[in-house]
Amino acid sequence: AGRLKALREMNAAGMDGLVVIGGDGSLRGALALAQEGVPVVGVPASIDNDIYGTDMSIGVDTALNTIVDAIDKLRDTATSHNRAFLIETMGRECGYLAQQAGIVCGAEMVLIPEIPVQAEQVVKSVENAYIRGKTHCIIVVAEGFKPHTTELSELIGKMEIGFDTRVTILGHIQRGGRPTAFDRMLATRFGVHAVEHLLEGKIGTMTALHGKTIVALALEDVVSNKRSLSEEYFSMANMLAR
């Protein structure tokens, strides 16, 4: 019904092309319209960075910088009060933001849905940080990780680990604010290429960043595949945590 209404509205408005900007749901909608014969080009915009085929989506860099700024501020409190902080980032079922922020900020532990970790291991990591003489312990948790951040905090709080434990859920503050220069340039480049693809007849595609180049990927390939995180970053996060 939604697709039929969209087609009706487009015809009534005399629209001869459509650029759909958004995440997985928006791009699936774009593909559905493309399959009805609508000239459509998608542009990836999701802070989760979970869209297949593009190195980066619009909004990711800004969200990541917001998270890093928040963690840096929370570390000051954690250090002065000898506390362990569980900091929850957004990302749905993708741990990209948590992983990258954890590496950049030198977190003692990063918990993401792609790699299951037992609560006991988390407790041990916090305890070891205290024994090693750390003045604080920062654990970055992706929202899709199980158990949930608050449950994990309750489990840790029941045990004698040296640090007092606090939880900070960054929430929707990650989705707003002043865009970084990188995001502004990426959005501009995606926009220009999207219009060019429409004019050139490269429809049913999505603009994607490959290295420094913008390419056109088939929407069908984008929505039928799942983006995975780099093994290199997994190893890096674990190494820095030690």
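Helix 2 gives the second largest pocket the largest share of its lining, three residues. This is a predicted model, in which local features need pLDDT of at least 70, side-chain atom pairs count only at pLDDT 80 or more, and totals for chains, interfaces and linings use all residues. Residues are numbered from 1 along each chain as its sequence is written, and side-chain values use heavy atoms, leaving out hydrogens and water.

**The second largest pocket**
- A pocket here is an open set of points on a 1 Å grid over the protein atoms alone, where a 1.4 Å probe fits, with protein on both sides within 12 Å along at least five of seven lines; lining residues have an atom within 4 Å of a point.
- Its lining has 16 residues, and Asp24, Asp50, Arg92, Lys226 and Arg227 lie nearest the centre.
- Helix 2 (24-34) and helix 8 (219-224) each supply at least two lining residues; helices are DSSP runs (H or I, at least four residues) and strands are too (E, at least two), numbered from the N terminus.

- An α-helix has 3.6 residues a turn, so residues three or four places apart point the same way.

**The whole chain**
- There are nine helices and eight strands in the chain.
- Of its 242 residues, 45% are buried.

Notes. Buried < 20%, exposed > 50% of the residue type's maximum accessible area, 1.4 Å probe, protein only.
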